[in-house]
Amino acid sequence: MPRGEKLTDSEIRVILNLKEKNTSVSEISKVIGRSRCAVLNYLKNRENYGKKHPGERPKATTERQRRAILRVASNSSLTVRQIAAEAGVHTNIRNVQRIIKRVKHLKRRKMQKTPPLTNRHKAAREDFAERHLQWKKKVEKCYIFR
């Protein structure tokens, strides 16, 4: 059922005059030809009568919290829970995911799983490091004494 029209200024003046004289809401509605609900809505909320509601659900995070989330997420491999904890934001994890996803310059991906190093790989790394540590000292001597 559609809404009725708002009360006019003359109807509002009549309501106020009759209410000062302690007239009941039913009698006021009969005099002006409007419903009891219309009269009651005006009397309950005189200052905001006829003003539009913002019509929007309040945000779960503030702009400051969103910036903190993006700052932490920008160059890290943390999980979403860790990002929220480090940013100090207490909200649903899905909200944090949504905030990160909406930003064009951030690409979040799962870390690629790698197999653990075997003993052979570890030995090869150590040999490589030892060989190149000596090489680095030789190169530094060449640059220092030129």
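How are α4 and α6 oriented to each other, roughly parallel or roughly perpendicular? The two helices pack at an angle of about 75°, with their axes 10 Å apart, and α4 and α6 are therefore roughly perpendicular to each other. Here axes are lines fitted to C-alpha atoms, for helices over the stretch in contact, and angles run from 0 to 180 degrees between N-to-C directions; angles under 35 degrees count as roughly parallel, over 145 as roughly antiparallel, 65 to 115 as roughly perpendicular and the rest as oblique. The structure is a predicted model, in which local features need pLDDT of at least 70 and side-chain atom pairs count only at pLDDT 80 or more, whereas totals for chains, interfaces and linings use all residues. Residues are numbered from 1 along each chain as its sequence is written, and side-chain values use heavy atoms, with hydrogens and water left out.

The chain contains seven helices and zero strands, and its elements run α-α-α-α-α-α-α from the N terminus on; helices (H or I, at least four residues) and strands (E, at least two) are DSSP runs, numbered from the N terminus. Of the 146 residues in the chain, 20% are buried, where buried means under 20% relative accessible area, exposed over 50%, and partly exposed in between (1.4 Å probe, protein chains only). Among contacts (heavy atoms within 4.5 Å) between residues at least 6 apart in sequence, 47% join residues at least 24 apart.

In helix α3, which spans residues 36-44, the residues Ala38, Val39, Tyr42 and Leu43 are buried. These residues cover an arc of only 130° around the axis, which puts them on the same side of α3; the arc is that of the directions from the helix axis to the C-beta atoms. The exposed residues Cys37 and Lys44 are carried on the face of α3 turned away from its buried side, while the cover over the buried residues of α3 includes α1 (9-20) and α2 (25-32). The loop between α1 and α2 holds Asn22, a residue other than glycine whose phi has a positive value, near 60°. With 70% relative accessibility, Asn22 counts as exposed.

Two packed helices are described by the angle between their axes and the distance between the axes. For α2 and α3 the angle is about 115° and the axes are 8 Å apart, and the two helices are therefore roughly perpendicular to each other. Their crossing is right-handed, a crossing being left-handed if the near helix is turned anticlockwise from the far one by less than a right angle, and right-handed if clockwise. From α2, the contact is made by Val25, Ser26, Ile28, Ser29 and Ile32, and from α3 by Arg36, Val39, Leu40 and Leu43.

Helix α4 (residues 63-73) has Ala68, Ile69, Val72 and Ala73 as buried residues. Seen down the axis of α4, these fall within an arc of 125°, so they line one face of the helix, whereas Arg64 and Arg71 are exposed on the other side. The cover over the buried residues of α4 includes α5 (80-87) and α6 (93-102). With α5, α4 packs at an angle of about 120°, the axes being 9 Å apart, and the pair is therefore oblique. In this pair, α4 passes α5 in a right-handed crossing, with the contact made by Ala68, Ile69, Val72 and Ala73 of α4 and Ile83, Glu86 and Ala87 of α5.

Leu78 lies in the loop between α4 and α5 and is partly exposed, with a relative accessible area of 24%. Not counting residues up to four places away in sequence, Leu78 touches Val72, Ile83, Glu86 and Arg108. The C-alpha atoms of Leu78 and Met111 are separated by 9.7 Å, although the two residues are 33 residues apart along the chain.

Where α4 meets α6, Arg66, Ile69, Leu70 and Ala73 in α4 contact Val96, Ile99 and Ile100 in α6. The buried residues of α6 are Asn95, Val96, Ile99 and Ile100; viewed down the axis of α6, they fall within an arc of 135°, so they line one face of the helix. Lys101 and Arg102 are exposed on the face of α6 turned away from its buried side, and what covers the buried residues of α6 includes α4 and α5.
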